[in-house]
Amino acid sequence: MTTPIETLEFQSEARQLLQLMIHSIYSNKDTFLRELVSNASDALDKLRLESYRDKDLDADTSDLHVTIETDPAERTLTVRDNGIGMTRDEVIALIGTIAKSGTADFLTKLKEAKDAAASQDLIGQFGVGFYASFMVADKVTLVTRRAGTTEGVRWESTGEGTYTIQEIEDAPQGTAVTLHLKPEDAEDHLYDYTSPAKIREIVKKYSDFITWPIRMTGEGEGEDAKAETVNSMKALWARSSSEVTEDEYHEFYKHVSHDWQDPLETIRLQAEGTFEYQALLFLPSRAPMDLFMRERKRGVQLYVKRVFIMDDCESLVPEYLRFVKGVVDAQDLSLNVSREILQQDRQIQLIRRRLVKKVLSTVKTMMTADAEKYATFWQEFGRAVKEGLLDDFENREAILEISSFASTQDAEKPTSLRAYVERMKDGQQHIYYMTGESRSAIENSPHMEAFRAKGYEVLVLTDPIDEMWVDAVPGFDGKQFQSIAKGQVDLESDEDKKATEVAREQQKKDFESLLTWMATALGDTVKEVRLSSRLTTSPACIVGDTHDLTPTLEKMYRAMGQELPPIKRILELNPEHALVTGLREAHASRPDDEGLAETAELLYGMALLAEGGELADPSRFIRLLAGRLEKTL
Ligand code: ADP
């Protein structure tokens with residue numbers, strides 16, 4: 001039954017995106033066809049799969065294919081498939097809205113983008129799918145019928161805020177998208193999308209590997225002309241690598257990933273014998289916007305004997321490699337496998353282990369073979385990869401091996417752990433690091449003083465994940481990780497120690513009574529007061545006990561709603577600092593002076609501020625400080 005035409009509004013994000021497409025700031029307009037053919041091919045995959053699973057599905061799967069028709073007189077181009085199709089509700093949900101996570105972010109960034117190049121870059125990163133049609137068309141008509149149903153749907157829009165939708169009779173199974181091409185492109189043969197030669201060229205370039213036939217009717221010969229298949233239809237991963245060009249790999253990557261940019265690296269993997277499979281994987285050159293969002297998907301598709309089985313197959317890659325895109329084609333699985341079965345499947349687990357090792361070893365090779373490429377990789381995906389230090393026990397060493405970290409050695413360039421270890425000073429036992437919210441907070445923290453003075457390199461760890469893995473990972477290459485803001489540090493060589501032993505003993509005696517008194521005076525805030533060997537210029541600093549949570553981690557847990565007992569830390573005093581020696585003398589001569597307790601409190605507050613911490617009662621701190629300053633005037 002044909003229903004009246006209804007007019008509906010696009011979701012606001014969709015509207016904004018369409019505006020961009022209409023005013024086409026993306027220079028490579030040809031890509032619209034890649035998107036339409038890619039959608040058509042996905043629709044054929046989905047129908048084939050559904051008909052395997054549902055034997056009663058009333059659908060024709062005898063000749064699944066894509067057809068492209070051009071009509072120079074009407075200036076239209078139609079991409080048609082006889083695949084899964086869409087119901088009315090699906091058209092509204094899938095075409096009228098953008099469900100992609102990260103859309104809001106993307107649109108904000110786009111608004112902030114300074115110039116056309118920056119905007120293009122962003123669009124390339126986001127990928128716009130079906131909406132790319134509006135780069136070349138001023139009106140798009142979509143007619144579709146969901147396989148297994150009888151009602152068709154006709155959708156039409158000029159991309160300007162609204163679309164019409166109507167249920168119709170007699171729609172063929174699948175989807176036909178007709179573009180009414182913009183008149184301004186008519187003169188320009190570069191953009192003449194009614195020219196079969198031009199279309200053939202674009203299909204060859206962007207969609208050759210599509211495993212379904214893409215047919216075109218012969219040039220100018222009317223409706224009876226024999227349709228000719230224009231793509232080679234060979235699954236790229238099944239061809240020998242010497243036959244496939246880099247461009248072909250790149251276009252295939254764009255098809256599977258919906259990314260518009262070239263990948264950073266292509267990885268091929270083949271296994272023969274009793275359990276045969278091929279994998280073609282890619283490392284993207286940019287992190288997707290939803291890399292750290294909860295609903296993000298993993299990027300590897302599963303095929304069984306060339307038949308598409310599922311997207312984002314989580315059994316094939318661990319969470320920390322969720323950015324890896326591509327396909328795995330296994331020969332010996334049943335076409336009926338479900339996600340649940342896959343999780344248990346031993347062969348899948350073996351493939352997964354091999355994929356992980358291959359990805360990690362590829363990155364390792366990249367580190368030496370192409371440092372710049374590696375730097376890009378790490379910049380984009382390092383934060384995700386480090387999650388593997390917590391999850392993937394088996395590959396922990398390999399992950400550490402490909403990780404790099406900011407360091408005090410070179411402000412510009414992160415270092416690998418291997419390089420750090422090679423630079424370690426004679427007698428240095430540990431890999432030193434400090435975690436914190438920013439590089440400057442860490443570098444300016446008092447904890448750093450003695451390390452700097454003695455020339456020890458310290459890793460500067462500012463990602464939230466760093467707080468977690470440093471506690472979980474014991475060491476690298478036999479060297480333990482040691483926080484410079486936790487526990488005791490001992491930077492003196494054995495010789496120095498001997499020389500200063502007597503002096504140290506004396507110092508301990510001298511300060512004993514001050515330390516005991518301060519520990520009581522500050523008892524509510526600190527668990528211990530002791531002398532420090534990590535300070536040169538600051539009077540005091542605060543350190544954590546070896547196994548205590550760091551302040552950042554404490555904050556993170558509290559933000560997540562976890563109940564924690566208050567965590568007290570340790571106040572360390574610099575025995576060489578005039579403020580500390582002065583306080584000791586004052587305490588010795590006037591033990592009952594109440595003002596001294598306030599000085600102790602100020603000292604603690606200063607140490608807290610110096611590491612970038614927050615005072616519990618800033619107004620009290622200021623009052624005390626102002627009181628002291630007044631007396632100096
Ligand atoms: P993407 O392909 O990146 O998901 P699109 O905007 O191109 O985004 O398409 C949105 C959705 O609309 C697709 O995911 C698919 O579910 C549906 N769709 C698009 N084209 C077709 C088609 N030819 N047949 C069936 N469904 C389609």
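Predicted model: local features only at pLDDT ≥ 70, side-chain atom pairs only at ≥ 80, totals over all residues.

Across the interface of domain 1 and domain 2, the rule finds 1 salt bridge. It joins Glu 251 to Arg 34, whose closest N and O atoms are 3.6 Å apart. Between domain 1 and domain 2 there are also 2 residue pairs in polar contact, counting residues at pLDDT 80 or more. Four helices each supply at least two residues of the side of domain 1 that touches domain 2: H2 (31–53), H4 (103–112), H5 (116–126) and H6 (196–207). Helix H2 gives the most to this side, with 11 residues. By residue class, the side of domain 1 that touches domain 2 divides into 13 nonpolar, 9 polar and 11 charged residues.

In terms of contacts, 33 residues of domain 1 meet 23 residues of domain 2. The two domains bury about 2,500 Å² between them, and 54% of this area is on carbon and sulfur atoms. On the side of domain 1, Arg 34, Gln 125 and Phe 209 lose the most area to domain 2, together 23% of what that side buries. The centres of domain 1 and domain 2, taken over C-alpha atoms, are separated by 26 Å.

Leaving aside residues up to four places away in sequence, Glu 248 touches Asp 208, Phe 209, Leu 236, Arg 239 and Glu 243. Of these contacts, Asp 208 is 40 residues from Glu 248 in sequence, while the C-alpha atoms of the two are 8.0 Å apart in space.

| Glu 251 | Arg 34 | 3.6 Å |

A search of the whole structure finds 47 salt bridges.

At the level of the chain, the domain assignment gives domain 1 (6–228), domain 2 (237–373), domain 3 (404–483) and domain 4 (500–632). The protein chain contains 20 helices and 23 strands. Its radius of gyration is 33 Å, whereas a compact globule of 633 residues would have a value near 26 Å. Along the principal axes, the C-alpha atoms of the protein chain fill a box of roughly 110 × 60 × 45 Å.

Definitions and conventions:
Residues numbered from 1 in each chain as written. Heavy atoms only, no water. Domains from an automatic or database assignment. Contact = heavy atoms within 4.5 Å. Buried area = accessible area lost by both parts, 1.4 Å probe. Salt bridge = Lys/Arg side-chain N within 4 Å of Asp/Glu carboxyl O. Polar contact = N/O pair within 3.5 Å; in protein donor to acceptor, adjacent residues only side chain to side chain. Nonpolar A, V, L, I, M, F, W, Y, C, P; charged D, E, K, R; others polar. Rg over C-alpha atoms; globule rule 2.2 N^0.38 Å.
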